[in-house]
Amino acid sequence: MLMQGNSPDLDVDTRKNLIQQYQPDGKLLVRYISWLEQKRSSNVMNSYEGEGVQKTSFTFPVYDSTLLNFLNTAKKTKFITRNYQYVYTRNRIKTTEQEKMAVQNATLRDMDVLSGILSRYVLGGMTKSVLWAQGVENGVFLEVLYKLRELLELNAQ
């Protein structure tokens, strides 16, 4: 289960190693914070219906280009894991509120929790694309990035 507060039981060397391990990828992601703040609770997906297409024709989603850049960047980081379902099962996370609570309570020891939640939206969105828009609209992407910025000491970025 998630540990509360800063990890007082982590020795200085372990803490430095964890920060050093995750900081480069964290820097790549936190630069999207300002964009996510602007887009929170707004629509980042439109439906393309084509011109002269009948109502029975197939439509498909068109995403904001910055969102797609964020997703492509995230996929290249060590924060993406295909085993994200285990994080949800192990921590009994079922709702968006539980996701946000898990993120808020995460410490450096809980990078797997942050990775799992981010991965659910990034990888899950590849088959259920509405997850990408939900990650922006419900603020989960933003909450994860805020926590990464805090834990990895990226405030100067």
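**Figure 1. Y32, F70, Y121 and F141 are linked into a cluster by ring pairs.** What you're looking at is a predicted model: local features need pLDDT of at least 70, side-chain atom pairs count only at pLDDT 80 or more, and totals for chains, interfaces and linings use all residues. Residues are numbered from 1 along each chain as its sequence is written, while side-chain values use heavy atoms, with hydrogens and water left out. For the rings, a pair means Phe, Tyr or Trp (its six-membered ring) with centres within 6.5 Å; planes under 30 degrees apart are called stacked, over 60 edge-to-face, and the rest tilted.

Figure 2. The structure has five aromatic pairs in total. Take Y63 and W132: their ring centres are 5.3 Å apart and their planes sit at 70°, so this one is edge-to-face. Y63 belongs to strand β2 and W132 to helix α7, which makes it a link between distant parts of the chain, 69 residues apart. (Helices are DSSP runs of H or I with at least four residues, strands are runs of E with at least two, and both are numbered from the N terminus.) Y63 and W132 are both buried, where buried means under 20% relative accessible area, exposed means over 50%, and partly exposed is in between (1.4 Å probe, protein chains only). The other pair shown is Y121 with F141, edge-to-face as well, at 5.8 Å centre to centre and 70° between the planes. Here Y121 sits in helix α6 and F141 in helix α8, 20 residues apart, and again distant parts of the chain get linked. Y121 is buried, with a relative accessibility of 1%; F141 is buried with 1% too.

Figure 3. R120 lies over the face of Y121, 4.9 Å from the ring centre. K78 does this with Y22, at 6.0 Å from the ring centre. The cut-offs for a charge over a ring: NZ of Lys or CZ of Arg within 6 Å of the ring centre and within 35 degrees of the ring normal.

**Figure 4. E99 and R120 join in a salt bridge.** A salt bridge here is a side-chain nitrogen of Lys or Arg within 4 Å of a carboxyl oxygen of Asp or Glu. The N to O distance for E99 and R120 is 3.0 Å. E99 lies in helix α5 (residues 96-105) and R120 in helix α6, so the bridge ties together parts that are 21 residues apart in sequence. Buried or exposed: which is E99? E99 counts as buried, at 2% relative accessibility, whereas R120 is partly exposed at 24%.

**Figure 5. Two other salt bridges across the chain.** By the same rule, five salt bridges turn up. D112 and R90 meet with N and O 2.7 Å apart. D112 is in helix α6 (residues 111-124) and R90 in helix α4 (residues 84-90), distant parts of the chain that are 22 residues apart. D112 is partly exposed at 36% relative accessible area, and R90 is partly exposed at 46%. D64 and K39 make another salt bridge, with their closest N and O atoms 3.9 Å apart. D64 is in the loop between β2 (60-63) and α3 (65-75), K39 is in helix α2 (residues 33-39), and so the pair ties together parts 25 residues apart in sequence. D64 counts as partly exposed at 22% relative accessibility; K39 does too, with 24%.

**Figure 6. Helix α8 is mostly covered.** Nine of its twelve residues are buried, among them V140, L142, L145, L148 and L151, along with the charged E143 and K147. The cover over those residues includes α1 (12-30), α2, α3, α5, α6 and α7 (130-137). After α8 comes E153, with a positive phi near 55°.

**Figure 7. Zooming back out to the whole chain.** The protein chain has eight helices and two strands, running α-α-β-β-α-α-α-α-α-α from the N terminus. Of its 157 residues, 44% count as buried.

Note on methods. Contact = heavy atoms within 4.5 Å.
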